Amino acid sequence: MILGIDLGTTNSLVGVWRDGAVALIPNAHGEVLTPSVVSLDRTGEIVVGAAARERLSTHPDRTAAAFKRLMGTARKIPLGERSFRAEELSSFVIRSLRDDAEAFLGHPVEEAVITVPAYFSDAQRRATRTAGELAGLKVERVLNEPTAAALAYGLADRYAHEEGRILVFDLGGGTFDVSVLELNDGVMEVRATAGDNFLGGEDFDDAIAGWFPGAAGIPAPDPLDPGPAGQLLAARLRREAEAARRRLGAAVETTLELPLPDGRTARATLTADTFAKLAEPLLERLRRPVARALSDSRIRPEDLSHVVLAGGATRMPIVRKEAARLFGRLPLQKLDPDEVVARGAAVQAGLKMRDAALDDLVLTDVAPYTLGVEVNEGGDRSGRMLPVIERNTVVPVSRTKEVRPTADFQKRVTVRVFQGEARLVKDNIPLGEFDLELTPRRQSDQAIEIRFTYDVNGILEVAAKAEADGRQERIVIRHGPDAPPEEAAEARLAKLAALKVHPRSEASNRLLLARGERLFEESLGEARDFIGDALARFEAALAAQDPDPIAAAADRLREAIRAAGGVA
Amino acid sequence: MSETADWEALGLDPTDDAEAVKRAYRARLKVVGPDRDPEGFQRLRAAYEAVMTGLEAPRPPAAPEVDPDLTGRLLATVAAHRAAGNEAGAIAAIDAAMAAHPPGSPAAEAIEDALLGGIALDRVLSPGLFMAMVDRFDWRDANGRAAGTDAERHAILLDRVAAEEWIAGLRASADPLDQAMVATREEATRLVSGDLDAAGRNRVRTRFEELRQHAMFVLHRFDGGALARMREAVEGPPLLGDIQPEPAGGRAGGPWAVPPGTPADTATTTRRKIPLGTLILIGALAGLGAGVPALFRDSSPPLLDATEARRRLEAADQPWVLFHMEPGGTRVDFAPLVPLRRAIADLRIGVNVAEPATLMQMPENGAVPGFLAPAEMRFITMRLRFPDGSLSPIRRYDLPGKKS
């Protein structure tokens with residue numbers, strides 16, 4: 001069995017292809033959405049999901065969210081006394097999803113398809129693959145999210161005997177992707193992909209959190225200040241901003257309340273109009289990738305049979321309105337935008353398993369970026385990018401370009417590999433470099449063939465060959481510039497495996513505890529004392545590991561939480 | 001792969017029915033999909049693309065489908081805002097025009113093309129409006145629509161983007177040397193007091209070299225006084241690079257009065273100079289800053305054809321240079337060469353030296369080059385290279401009142 005995993009910025013999901021259909025797998029709380037949040041508790045155990053999410057506002061220094069945005073970078077994210085790379089944090093989320101899947105299926109799983117934003121770079125894709133491997137899964141395929149969304153829709157459409165061209169508008173928690181696809185005779189062809197790796201629902205929350213201090217007349221909390229008026233307050237404000245954004249989906253205005261460390265409460269009312277103004281610069285950025293994808297696919301907007309929305313952030317009315325305005329028509333939202341990518345991942349898993357129900361469905365995808373080498377074209381204007389594989393070339397693909405040394409009798413050339421759409425390599429992303437030794441010859445007799453081979457998972461191999469004597473060098477681009485030092489994979493795996501992750505059976509108790517802690521922090525007076533007392537009893541019962549007292553204490557804590565106005 | 005092999009890979013007899021080719025391709029995909037048979041898939045895809053290039057009708061240009069008034073009106077509105085100096089108004093007009101059309105629609109593309117062809121390359125276009133268009137139309141993309149529509153224009157456009165980003169980088173820089181480059185002379189003097197260390201001198205030299213690269217678009221935004229101050233900080237008090245050592249008697253009192261052999265002299269000679277050519281070119285273009293309209297092609301005198309221009313250049317009564325007395329000193333003006341430039345491959349000049357060695361580019365846009373003569377300048381020598389590679393005799397022009 002192969003899992004289909006949507007590893008999201010805000011939430012992650014897992015699904016499988018079973019009995020000719022997609023089944024999304026619920027976590028221990030019975031929900032298909034698992035927050036992509038990881039926290040380290042006092043005992044040094046890892047907490048993942050809803051419980052970790054609660055801890056964002058009570059233990060911001062020990063909890064991390066939105067780390068997908070740091071994938072492929074060398075950044076270490078501190079969790080209390082330890083620190084982790086983004087792919088390590090992601091591996092905890094995947095481990096938790098795998099546990100849920102094994103509980104659901106009743107047998108171990110070892111393989112997965114994991115989705116990534118189509119516009120993810122080489123380094124980010126590799127980090128995602130590593131995250132899967134660190135969670136003990138063989139990553140069968142790294143699949144582009146909008147392609148997955150289209151697979152989910154394409155399948156539905158195929159059964160409805162619809163064919164045509166679709167544009168997938170995928171605004172997730174942290175990334176924005178646009179793909180244009182053509183569906184015909186059971187062949188799903190991605191024609192073009194474009195995107196913005198730093199645009200998503202989280203940015204709308206940031207905009208609200210940035211607006212609030214001014215509107216409420218309080219100084220902006222500094223997330224780098226460890227005091228109560230700093231990190232803790234900033235974390236709470238962000239939580240409140242996110243809640244307000246969700247409330248605005250249904251209401252024309254909403255009031256944000258932020259309890260301050262001095263006992264006062266800061267308040268400000270956010271109207272839909274103000275929010276629209278705050279969001280304007282973000283909405284403006286949606287247009288460019290759409291234009292690029294349409295222009296590259298050579299498909300006119302009026303020739304699209306559907307515009308499909310995917311990603312949780314497309315639930316926002318202002319985003320739906322903007323999408324409708326951009327295309328001059330109402331977009332399609334037959335499937336839940338939070339689930340559509342995971343559903344597509346499960347379909348791809350089914351394809352990988354050669355499931356009979358999917359036998360005549362074929363998918364072709366494209367390389368999202370231009371890949372090339374640095375060349376110097378004389379004079380002082382050095383460092384141009386020579387494209388070898390142009391963006392939106394159908395993959396897998398292998399292409400060659402011929403280059404020459406800049407001078408006669410050169411002893412070696414350095415092949416520098418880049419990805420990106422800028423003319424000069426300094427504005428593109430370096431992927432790696434290597435030297436090719438040459439037998440010195442005149443420039444005119446020294447042809448060098450550069451070959452790029454790009455596979456379906458977006459992994460690139462570069463080879464350079466001197467035509468005259470057949471000398472050859474090649475590299476597989478394993479690491480981006482910020483990738484980790486070549487630490488032995490097994491050592492890393494062992495290090496992470498040694499970390500205890502809360503067992504699935506305890507998940508509901510952990511969530512209850514985390515929620516109680518948050519409400520304890522947020523309430524005042526009698527309610528606070530009541531929760532504090534119930535929390536202490538519950539923790540004592542948990543420590544004693546005796547089932548009956550645990551159940552009783554849990555009931556009492558739930559009651560206290562409800563009394564304080566929380567959800568238990 | 002041969003054409004026959006392409007058709008074989010598709011499992012099809014040659015046809016010009018594009019739909020039949022697509023159907024055959026899709027049918028073959030079921031056997032050699034990208035996952036099932038990556039090698040076979042690549043052969044199939046290559047065959048498909050090769051066959052389709054010959055069959056697919058090119059995408060019709062946006063223009064015929066779009067009301068020509070749409071772009072005409074927009075260009076007129078933008079022109080009116082620009083004439084009134086209203087940059088924000090012009091940007092808003094473009095934004096409003098684009099908001100009315102879906103991205104990728106013929107109208108949106110027609111608007112982009114009209115602006116790209118109409119005003120994007122106008123050198124006097126305000127930086128704010130230029131960069132707003134670059135962002136709005138994704139013009140940084142070297143592999144996108146604009147580059148595909150008109151590669152040459154787009155390349156020039158990217159040169160200006162680089163220049164704008166360079167100057168914006170200087171303005172945003174925390175380095176006082178960078179700030180001084182874009183400051184007024186007074187500020188530059190305050191920011192850069194005294195001499196620079198070797199690292200500082202190198203940084204300024206680099207900046208001057210960059211300035212030379214981007215000069216065409218940004219030079220008129222620099223304060224000549226500040227640049228002069230920066231140059232002094234690198235090279236010491238002004239002296240011309242081509243000045244020959246004079247007999248000992250003539251050297252007293254000047255800034256170069258240090259006796260040879262002293263440590264100070266060594267220090268002076270190890271200072272690498274900003275190349276004179278760079279300075280003259282910058283000086284020449286800076287002179288244009290005052291008269292921006294001179295940048296327009298159509299305001300320059302008519303070009304003579306190469307034969308006629310060559311005849312004039314070789315005529316003894318045709319001056320190659322003019323001197324104008326101005327309040328600040330004598331202006332050296334190369335205007336006589338401008339209408340004759342078809343017969344000039346390059347021009348070398350020398351100041352106070354018999355052998356002209358400094359290469360000077362003739363501006364391609366028809367702008368009139370020239371510079372303000374430094375006080376030490378007594379005469380200028382000039383030599384032309386003609387397009388056939390032959391060299392003219394050297395001509396020498398003495399500055400009025402400074403006969404040697």
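This is a predicted model: local features need pLDDT of at least 70, side-chain atom pairs count only at pLDDT 80 or more; totals for chains, interfaces and linings use all residues.
Visitor: Which helix gives the most to the side of domain 2 of chain B that touches domain 3 of chain B?
Guide: The rule finds one salt bridge across the interface of domain 2 and domain 3 of chain B. Helices and strands are DSSP runs numbered from the N terminus, helices being H or I with at least four residues and strands E with at least two. With nine residues, the helix that gives the most to this side of domain 2 of chain B is H9 (residues 151-172).

Visitor: How far apart do the C-alpha centres of domain 2 and domain 3 of chain B lie?
Guide: Domain bounds come from an automatic or database domain assignment. In chain B, this assignment places domain 2 at 70-169 and domain 3 at 173-235, among others. The C-alpha centres of these two domains of chain B are separated by 31 Å.

Visitor: Which residues of domain 2 of chain B lose the most area to domain 3 of chain B?
Guide: Buried area is the accessible area (1.4 Å probe) that two parts lose on being put together, summed over both. Between domain 2 and domain 3 of chain B this area is about 1000 Å², and carbon and sulfur atoms give 71% of it. Together accounting for 58% of what the domain 2 side buries, the residues that lose the most are Arg123(B), Trp166(B) and Ile167(B).

Visitor: Which residues in chain A lose the most area to chain B?
Guide: Contact (heavy atoms within 4.5 Å) joins 46 residues of chain A to 45 residues of chain B. The area buried between the two chains is about 3700 Å², with 43% from carbon and sulfur atoms. Together giving 19% of what the side of chain A buries, the residues that lose the most are Arg287(A), Arg300(A) and Arg423(A).

Visitor: With which residue does Arg423(A) form a salt bridge?
Guide: Chain A and chain B have 12 salt bridges between them. In one of these, the closest N and O atoms are 2.9 Å apart, and the partner of Arg423(A) is Asp159(B).

Visitor: Which residues does a cis peptide bond join?
Guide: Most peptide bonds are trans. In chain A, the loop between S21 and S22 holds Pro396(A). With omega about 0°, the cis bond joins Val395(A) and Pro396(A).

Visitor: Does Ala66(A) count as buried or exposed?
Guide: Ala66(A) lies in the loop between strand S7 (63-65) and strand S8 (76-79) of chain A, and its phi is positive, about 55°, although it is not a glycine. Buried means under 20% relative accessible area, exposed over 50% and partly exposed in between (1.4 Å probe, protein chains only). Because its relative accessibility is 18%, Ala66(A) counts as buried.

Conventions. Residues are numbered from 1 along each chain as its sequence is written. Chains are lettered from A and ligands numbered from 1 in the order in which they are written. Side-chain values use heavy atoms; hydrogens and water are left out. A salt bridge is a side-chain nitrogen of Lys or Arg within 4 Å of a carboxyl oxygen of Asp or Glu.
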